[in-house]
Amino acid sequence: MSRAIKPTTKMVVLVTASLGLLFGSNQYPMTQTVRNAVLSVLYPIQWLANVPLNSYRSAEIFLTKQNQLHQEVVTLKADNIALHIQMTQLKTLQRELAELKSLQQLVDTPLTVVTSAQVASNGRDPIASKLVLDKGSKHQIQAGQVVVDKNGLLGQVTNIQPFSAEVSMVTDNKQVVPIMVERTGERALLYGNGQNVDLRYFPIDGDLQEGDLLVTSGLDDTYPAGIPVATVKSAEKNLATPYYRTKVKPLAGIHRARYVLILPRNQEAKTAAAPAAAPTTPPVQE
């Protein structure tokens, strides 16, 4: 029956052995050689014992870097969205600035009194060819006045309220605009069809070409002469009928215009211009 060695005895033996090894390594070179040999034998065991700890530390560093990269990606995505919105806003401002500059050029043309306005909405029916402006009878706007944007004729005021005005655009199926071909002076009528405009009855013995500019002829009481209305996209002679088969496109920003000018009706413009002794810069009501 064996007897267990007491802990105190073990500690005394180990301390004595340690002191003996320290003393021997300093006094006897052979002891140093033996110690190096023992360390060489024990190195693989020591390396294996450190594998879990080293793996844990490597995994911790990897996860920390992954978390940092994830946060950086989230921040960069948020910055990218903000920049995209700012670019969109900048493009919108640039487009509105160009539109205002073009309107200012129209103001400088020899027109009579004009009023600037802003499109407030597309009206109650977004499909209908209607616009609502932010000025009405309180701003001396009257039904029948002509509305243009930077590119050309947009329509005419057909309904008036104290602080707003409804505009029927040239594409409205009740609108008919007297026009002429700017290149030749030949006259015709342009009809709205609800979505676009039609040049329905241009006789084939007339001169009409692709790219021709159609402007108001001024042969009515509403539209002053010379306002750009549409361009001819195609003009084909149809032998089955006495009229051209045409496709035309309005010039005004039917669904894009933001700022517009309101002109007096043709008859009123002629009356106002008659007593004028000399050309003057037209006043603009804002």
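A residue counts as partly exposed when its relative accessible area falls between the buried class, under 20%, and the exposed class, over 50%. By this scale, tyrosine 243 of the predicted model is partly exposed, because its relative accessible area is 32%. Tyrosine 201, at 48%, is likewise partly exposed.

Across the whole structure, three aromatic pairs are found. The partners are 42 residues apart: tyrosine 201 sits in the loop between strand 8 and strand 9 (213-216), and tyrosine 243 in the loop between strand 10 (228-237) and strand 11. A further edge-to-face pair consists of phenylalanine 202 and tyrosine 244, at 5.8 Å centre to centre and 65° between the planes. Because phenylalanine 202 belongs to the loop between strand 8 and strand 9 and tyrosine 244 to strand 11, this pair ties together parts 42 residues apart in sequence. Both phenylalanine 202 and tyrosine 244 are buried. Ring pairs also bring Tyr191, Tyr201 and Tyr243 into a cluster.

Turning to the strands, an open antiparallel sheet is built from six of them, ordered 8-7-6-9-10-11. Strand 8 is joined to strand 7 (residues 187-192) by two bridges in an antiparallel arrangement, and valine 197 in strand 8 lies opposite glycine 192.

Elsewhere, glutamine 140 occupies the loop between strand 2 (130-133) and strand 3 (146-148). Although not a glycine, glutamine 140 has a positive phi of about 65°.

Methods. Residues are numbered from 1 along each chain as its sequence is written. This is a predicted model: local features need pLDDT of at least 70, side-chain atom pairs count only at pLDDT 80 or more; totals for chains, interfaces and linings use all residues. Side-chain values use heavy atoms; hydrogens and water are left out. Helices (H or I, at least four residues) and strands (E, at least two) are DSSP runs, numbered from the N terminus. Two strands pair if DSSP finds at least two bridges between them. Rings of Phe, Tyr and Trp (its six-membered ring) pair if their centres lie within 6.5 Å; planes under 30 degrees apart count as stacked, over 60 as edge-to-face and the rest as tilted. Buried means under 20% relative accessible area, exposed over 50%, partly exposed in between (1.4 Å probe, protein chains only).
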